[in-house]
Amino acid sequence: MAASIRLLARRIVRDAFRTINSSVSVRIVSSSCPSNLSACRCFSDGAADKSTHFGFETVSEGEKAERVYKVFESVAQKYDVMNDAMSLGVHRLWKDMLLHVMNPQPGIRLLDVAGGTGDISFRFLNYVRSQQERVARRTARANQTPSWQEISTSYTTPTEGIEMETEARESRAVVCDINKEMLKVGKQKAESMGVSSGLSWVVGDAEELPFDDDQFDVYTIAFGIRNVTHIDLALQEAVRVLKPGGRFMCLEFSKVTNPLLARLYDAYSFQMIPVLGEVIAGDWKSYQYLVESIRKFPDQETFKQMIEDAGLFSVRYHNLTGGVVALHSGFKL
Amino acid sequence: MAALLQGLRVGRALRCLGSVVVPKTSSPQCNGLRRGLHCAALRLQEDKDKSIPVPPSSTASPTTTFHEHYQAHPSEHDTATPAQEAAAAEEAPQPNISYVDQSGEQGEDYETEEQLQVRILNAALDFVPLHGWTVEAISAGAETLGLSAASSGMFQNGAGDLVLHFIAQSNTQLTEQLAEHHNQVQLGQAEPKKTADFLRDAVETRLRMLTPYINNWPQALSILFLPHNIPNSLKHLSTLVDDIWYYAGDRSTDLNWYTKRAALTGIYNTTELVMVQDSSEDFQDTWNFLDNRIQDIANMADATKRVTSTGEAVVQGLMGAAVTLKNLTGINQRR
């Protein structure tokens with residue numbers, strides 16, 4: 001009890017310091033972070049001795065995974081509500097943009113890592129279904145005025161073959177998350193929406209996915225990769241489970257390019273978000289961790305380099321909302 | 001430290017072996033072992049030449065030997081680099097023995113990416129009659145190459161990339177045929193054609209390349225008219241017309257250069273539109289239309305010559321009349 005109060009007090013003090021000179025210190029800390037990490041890796045032996053960042057704290061790697069788990073366990077019930085409140089609903093546009101850029105064809109398999117409450121997967125299934133309906137409408141309209149050739153071929157060949165082919169190409173989405181609470185919330189959402197077919201829920205660690213090689217056409221990780229302890233391992237796992245030609249897509253908070261917007265964004269992040277967390281979800285610390293972990297994540301170009309190092313090609317990124325969120329995409333060729 | 005990293009890598013490779021969830025055949029384990037060795041070899045290579053900032057794939061050339069020893073079955077996409085993958089895909093049924101990619105140059109990745117994109121688009125052309133000029137056609141083409149349908153996301157312009165690729169390819173084919181004919185004429189093996197015939201044949205050859213896709217061609221034209229595609233489509237059209245005139249022997253350097261190309265552009269575009277709605281046997285109506293248009297241009301060239309010569313004659317006549325008038329009225333006489 002006393003420890004948690006001390007922790008809270010430490011956080012409030014740190015927060016107060018941060019509001020004074022937030023942007024300068026954050027950038028310095030974030031730029032020195034990668035060198036610290038690699039230096040630590042070289043010295044130590046076991047996972048318990050290596051240290052990494054948990055927000056602005058330094059913790060051992062083993063501890064980070066555990067603490068991230070606890071964070072999401074506590075926010076799981078109010079996760080969607082908080083997303084809407086913190087981003088003023090804009091997160092829906094970001095996720096829609098992810099789907100729009102993905103432009104999935106019917107019949108592809110999606111792996112949604114750190115999918116938690118399943119936002120991306122639901123959108124994926126809706127998108128593919130509406131596309132299939134559009135194609136069906138188009139073929140129906142085309143069949144209304146068939147050419148002579150089409151009429152003659154329809155007499156000679158059986159039409160069932162074509163319909164069976166389209167049914168066999170049903171798209172499937174797999175939601176994988178390390179946290180059972182988040183998956184539980186997602187399953188409840190699916191039941192309430194009445195979505196049942198084409199969706200599965202799997203518990204798994206992004207650094208060690210429980211899937212075979214060459215399984216999925218698209219791998220997405222939306223707002224999850226900054227919580228992973230070893231990002232390069234997660235990227236390597238992504239390359240492993242993707243089919244050749246498969247696409248890796250990552251939606252994540254990133255560096256804002258415009259300095260004025262950056263100041264506003266920092267002020268909003270550190271002032272408003274933990275307060276909202278406390279008021280709506282009753283959890284200040286988790287949302288403090290959230291905004292700190294955003295600052296610790298590498299910027300767009302660095303992350304693009306990391307993706308290329310993992311072995312993906314044609315890597316590009318789009319900045320959304322002025323750099324608040326970046327959508328990275330790469331292909332396994 | 002190198003040994004430590006190598007030990008970690010081998011440990012990870014062994015873990016890959018152990019954590020295979022559903023071992024259907026022996027091939028996943030072989031893949032894991034191969035990847036482990038691949039990674040180990042990469043680490044050794046990277047430790048050796050740290051000075052060169054090298055992406056992992058271009059250090060793969062020394063590891064092709066590992067690759068071959070453990071080649072259990074043809075599909076090697078998950079461990080092969082794109083350079084090796086291109087060779088492997090081309091020889092898919094046989095074991096990969098080619099040493100084509102031993103020279104791991106820095107720029108090879110980018111070249112291979114573009115070559116891969118070209119291959120995907122070529123494969124996608126087969127599906128255009130079925131899906132139209134759309135991203136679905138590109139996805140279907142990618143699938144025939146063994147890639148996932150999601151790789152059509154590489155083409156940011158979507159269907160526009162497919163159409164522009166097709167046009168560029170057709171123009172290149174036409175230019176090669178014209179160059180070939182030109183060479184034969186130089187060598188004396190073929191008769192040089194008259195300009196009108198040459199133009200006619202060139203336009204007909206180029207338009208005949210559209211015949212497999214003629215049902216979907218209006219869709220392609222509409223894609224070419226999109227604002228972000230107009231610069232590219234105009235560029236392709238202008239180079240096409242320029243090439244045809246060049247091989248027709250036009251070396252003009254005055255206003256004729258522009259008028260000739262404008263005329264041929266007009267002929268080509270209108271003939272293309274006629275072809276799109278032509279339902280006659282072997283597009284005979286289109287070729288008749290083309291003949292008539294070329295004849296019009298030839299006639300117009302004659303007519304302009306006649307008009308200028310008539311004009312000159314008329315001007316001279318008027319000058320003569322003016323001088324006669326001046327003589328009659330006595331202005332010319334000096335007092």
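Let's start with a charged pair: Lys260(B) and Asp250(B) form a salt bridge, with the closest N and O atoms 2.8 Å apart. This pair links distant parts of the chain, 10 residues apart, with Lys260(B) in helix α12 (residues 255-276) of chain B and Asp250(B) in the loop between α11 (230-247) and α12. Keep in mind that this is a predicted model, scoring ipTM 0.74 and pTM 0.70.

**Salt bridges**
- Across all chains, the count comes to 25 salt bridges.
- In the opening pair, Asp250(B) is buried at 7% relative accessible area, while Lys260(B) is partly exposed at 27%.
- Arg208(B) and Glu204(B) also meet in a salt bridge, at 3.1 Å from N to O. They sit about one helical turn from each other because they are 4 residues apart in helix α9 (residues 195-208) of chain B.
- Glu204(B) is buried, at 15%, and Arg208(B) is partly exposed, at 29%.
- Both belong to a network of salt bridges, whose members include Lys193(B), Arg200(B) and Asp282(B).
- Over in chain A, Arg92(A) pairs with Asp84(A), the closest N and O atoms being 2.6 Å apart. Arg92(A) is partly exposed at 41% relative accessibility, and Asp84(A) is partly exposed at 24%.

**Chain B overall**
- Chain B has 13 helices and 0 strands.
- Of its 335 residues, 38% are buried.
- Its accessible surface comes to about 19000 Å², and 58% of that belongs to carbon and sulfur atoms.

- Mean pLDDT for chain B is 76, with 66% of residues at 70 or more.
- Residues 18-108 of chain B fall below 50.

Technical notes
Residues numbered from 1 in each chain as written. Chains lettered and ligands numbered in written order. Predicted model: local features only at pLDDT ≥ 70, side-chain atom pairs only at ≥ 80, totals over all residues. Heavy atoms only, no water. Helix = DSSP H or I, 4+ residues; strand = E, 2+ residues; numbered from the N terminus. Buried < 20%, exposed > 50% of the residue type's maximum accessible area, 1.4 Å probe, protein only. Areas by Shrake-Rupley, 256 points an atom, 1.4 Å probe, with all protein chains shown as cover. pLDDT = per-residue confidence, 0-100. Contact = heavy atoms within 4.5 Å. Salt bridge = Lys/Arg side-chain N within 4 Å of Asp/Glu carboxyl O.
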